[in-house]
Amino acid sequence: MMKRSSIFTALLILLLPIFARGLWFYRGVPQQAEVATPDFESFAAPEPPINDSAEVNDATLQTNGIVLLDNIHLNQFNLNEIDSLTSAIQERGGRMENYADSSMFEHQLKYASAFISVSPSVPFSRTEQQSLRKFAERGGRILVLTDATRNFIYYDPVSGNPLAYGDSDSANSLLSAFDISINSDYLYNTENNEGNFRNVIFEEFGKNELTFGLKEVVLYGTHSVESLSGMILLRGSGTTLSSANDAHASSQGGAALSEDGNVAAFGDFTFLTSPYNSFTDNATLISNLADFVLSGQQNTTLQSFPFIFKEKTVQVFLTSEVLKTTELVSALSGLQTSLRAMDIEIEFTDARPRSGDAIVISSFAPVDEIESYTRKFDVTLGDGNFITTTEYGDVGRFGTGLVLFDASDKGNTLVLLADTPEDIISLIGVISSGSLSACLTGESMAVCSVGVGGDYSSESTDGAATDETTPEATPTPSG
Amino acid sequence: MSEVDNSWERTRNGLLWVAIPLILGILISTLIPKPIIGVIRLEDAIYSYTAQNMIKQIQYAIKHPEVRAVVLVFDSPGGTVVDTEAVYMELTRLREKKPVVTAVNGMAASGAYYLSVNTDYIYAKPSSMVGNIGVIGYLPPSPFVIEDIITTGPYKLWGAPRDSDMRQVEMIKQGFFQAVELGRGEKLTAGPETIYSGQIWSGIDAKRLGIADELGTETDAYNKAAQLAKVANYQTEDLAALAGVNTSGFLFFIQSPDGMSLPYPNKAGVFMLYIPPLPVK
């Protein structure tokens with residue numbers, strides 16, 4: 001009994017320091033919960049939304065418009081990036097032409113159906129702004145494509161911080177006249193996007209030819225665009241936010257159209273590039289854009305001179321008052337050469353053309369062939385020293401050429417009137433020069449100086465003889 | 001029996017039943033190791049070299065029972081995706097056996113935060129930078145042909161089409177976001193639109209948002225690790241020294257010509273990395 005208790009005591013004493021040390025260091029058994037980790041195998045990269053059944057209208061309307069492509073404002077793009085758009089334009093018979101010389105801009109805008117500027121980095125000059133405003137007023141189309149990912153990076157010389165200079169300011173220098181503004185931000189959507197938060201899906205569209213047939217469009221890094229008087233073409237959902245304030249604004253979208261429908265602005269052009277041009281309904285949108293730029297119909301006026309004819313052949317008719325002298329033939333050959341430079345042939349006709357493009361040449365003599373024109377433009381030729389116009393009032397008939405432009409569905413007719421054969425030849429020379437800069441020019445009537453005028457002060461306007469009484473000599477002291 | 005004999009008998013019994021067991025007990029008790037709170041420090045980006053160092057230290061902690069818990073001390077902007085994932089997976093093995101606590105010093109951003117969410121508790125300093133949850137990738141250039149480089153396929157030189165790379169980044173993001181949800185779960189007080197915005201927060205805001213558990217020091221982290229491991233009177237040991245790893249790193253970031261280290265990785269790729277603005281000149 002004694003021995004058993006001794007063994008028990010010894011055991012306790014043996015264990016005591018072990019327990020003591022154990023308790024000194026260890027206060028229990030930690031319970032490690034099961035560690036959950038991501039189910040990596042379940043993850044998949046988002047699939048590109050390739051649209052094999054995009055409804056692109058193959059039977060495209062063949063229009064022969066010329067589209068000016070801005071290449072003068074340090075545009076941040078490569079031609080291959082907008083290839084899908086230029087191809088669509090060319091498939092429709094359109095032709096792309098570069099705008100690279102500001103001195104030719106006004107001239108180019110006279111015959112272009114649209115002007116496209118992609119990511120400009122230099123603001124538009126006041127002259128360019130005015131020209132484009134008039135262009136749009138005449139019915140020309142303007143398409144401005146910007147992109148939130150196109151920036152020039154500068155480093156602040158003081159802080160060293162990088163500064164991004166994008167294309168929105170330059171684009172706005174043009175678009176502000178049309179009440180459209182591109183914001184210096186980007187749109188994003190973290191909840192519903194195409195592969196990345198900055199690839200914004202648009203499913204709400206302003207009703208317009210540009211959005212016809214669209215169900216879903218994706219822009220890849222887009223500025224927000226807004227227009228108070230115009231229309232938001234692509235509207236983001238409520239979870240589409242602007243990087244400027246991380247908030248949604250219903251007045252903003254990915255694209256907008258001006259009130260008159262002639263100016264469209266997009267905050268992105270990556271949707272034109274491959275492969276994004278084949279995702280969702282982007283191909284349909286590109287197709288619509290091509291139709292938009294080619295459907296611009298400028299109202300043809302004399303201010304569009306010399307691009308006033310629609311057809312490849314212009315009929316030339318000389319009234320019976322005009323004799324085909326050697327000098328006149330020479331002047332007409334100059335006119336022919338000038339028109340051929342614009343790919344237009346002339347065809348002489350003996351009867352006043354009833355349809356098609358035409359040039360009618362006559363003197364101020366009130367012959368029947370031109371009566372319909374003078375009546376239409378309210379011009380009184382008479383036989384005095386002046387001819388009367390509603391637009392310019394009385395104009396001296398000597399050394400003056402009168403140009404009338406009659407645009408109609410049947411054809412455009414240019415009527416050239418002057419007093420003498422010399423003046424007529426001189427007026428043909430002005431027309432052949434391709435410019436009416438020496439003329440007072442309205443929309444349908446121009447008055448040109450083509451020679452030396454007469455001494456009107458010695459003649460009355462009604463043809464009556466002037467009372468030429470000699471003043472009595474003043475008596476002098478010498479007598 | 002004489003009184004002398006009795007005295008000897010008592011002494012002998014005392015030695016036999018008390019002193020010897022006591023000495024033996026003391027000797028045996030020394031076999032019980034003093035608990036160690038292992039410390040793994042990351043004061044660099046996460047890339048192949050630093051990741052391998054961390055993995056060796058984690059493996060050491062797993063194998064050695066005296067290491068009862070581990071404290072990760074971060075001052076890191078994150079790093080490459082694959083190296084971050086490699087460490088993350090090893091951390092999971094460690095956590096199945098021992099508690100792991102994070103102490104953020106300067107920064108636990110992006111990939112470093114990805115590792116932090118795979119620990120049991122996160123301490124940050126009031127002005128630590130925490131978060132920047134997300135993935136950043138440099139897309140390859142659009143493919144073109146170079147006369148003097150012959151390849152066997154259009155993407156042999158470029159790796160992948162740009163669009164595919166963008167989608168890969170999105171896939172990697174899903175892993176990061178799920179890791180945060182699993183690691184922080186109901187502790188998060190803000191919605192995903194905030195948490196996954198890529199923002200980097202101060203420690204104070206991180207605590208408020210549930211990105212971190214508490215503001216505290218490294219010592220607080222040791223004590224928390226000890227508490228979770230249910231040990232006391234522990235000692236802290238730098239696991240790099242115990243595991244015999246060399247912590248001097250290689251250059252992960254671009255060096256400017258004047259020797260300044262820029263915050264950009266020296267090769268393109270996909271990263272869980274915070275790239276801060278350049279310092280004021």
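Taken along the principal axes, the C-alpha atoms of chain A occupy a box of roughly 180 × 75 × 35 Å, and the radius of gyration of chain A is 38 Å, whereas a compact globule of 479 residues would have one near 23 Å.

Within the chain, the secondary structure of chain A amounts to nine helices and 24 strands, and buried residues account for 41% of its 479 residues. Of the contacts in chain A between residues at least 6 apart in sequence, 75% link residues that are at least 24 apart.

Chain A also touches chain B, in a contact to which chain A contributes 37 residues and chain B contributes 41 residues. The side of chain A that touches chain B is made up as follows.

| Residue class, chain A side | Count |
|---|---|
| Nonpolar | 23 residues |
| Polar | 12 residues |
| Charged | two residues |

As for the confidence of the prediction, the average pLDDT of chain A is 88, and 92% of the residues score at least 70. Over residues 455-479 of chain A, however, the pLDDT is below 50, and this stretch has 11 contacts in the model beyond near neighbours in sequence.

How values were computed: Residues are numbered from 1 along each chain as its sequence is written. Chains are lettered from A and ligands numbered from 1 in the order in which they are written. This is a predicted model: local features need pLDDT of at least 70, side-chain atom pairs count only at pLDDT 80 or more; totals for chains, interfaces and linings use all residues. Two residues are in contact if their C-beta atoms, placed from the backbone, lie within 7 Å. Ala, Val, Leu, Ile, Met, Phe, Trp, Tyr, Cys and Pro count as nonpolar, Asp, Glu, Lys and Arg as charged, and the others, Gly among them, as polar. Helices (H or I, at least four residues) and strands (E, at least two) are DSSP runs, numbered from the N terminus. The radius of gyration is taken over C-alpha atoms; the globule rule is 2.2 Å times the number of residues to the power 0.38. A residue is buried if 20 or more other C-beta atoms lie within 10 Å of its own, exposed if 12 or fewer, and partly exposed in between; C-beta atoms are placed from the backbone. pLDDT is the predictor's confidence in each residue, from 0 to 100.
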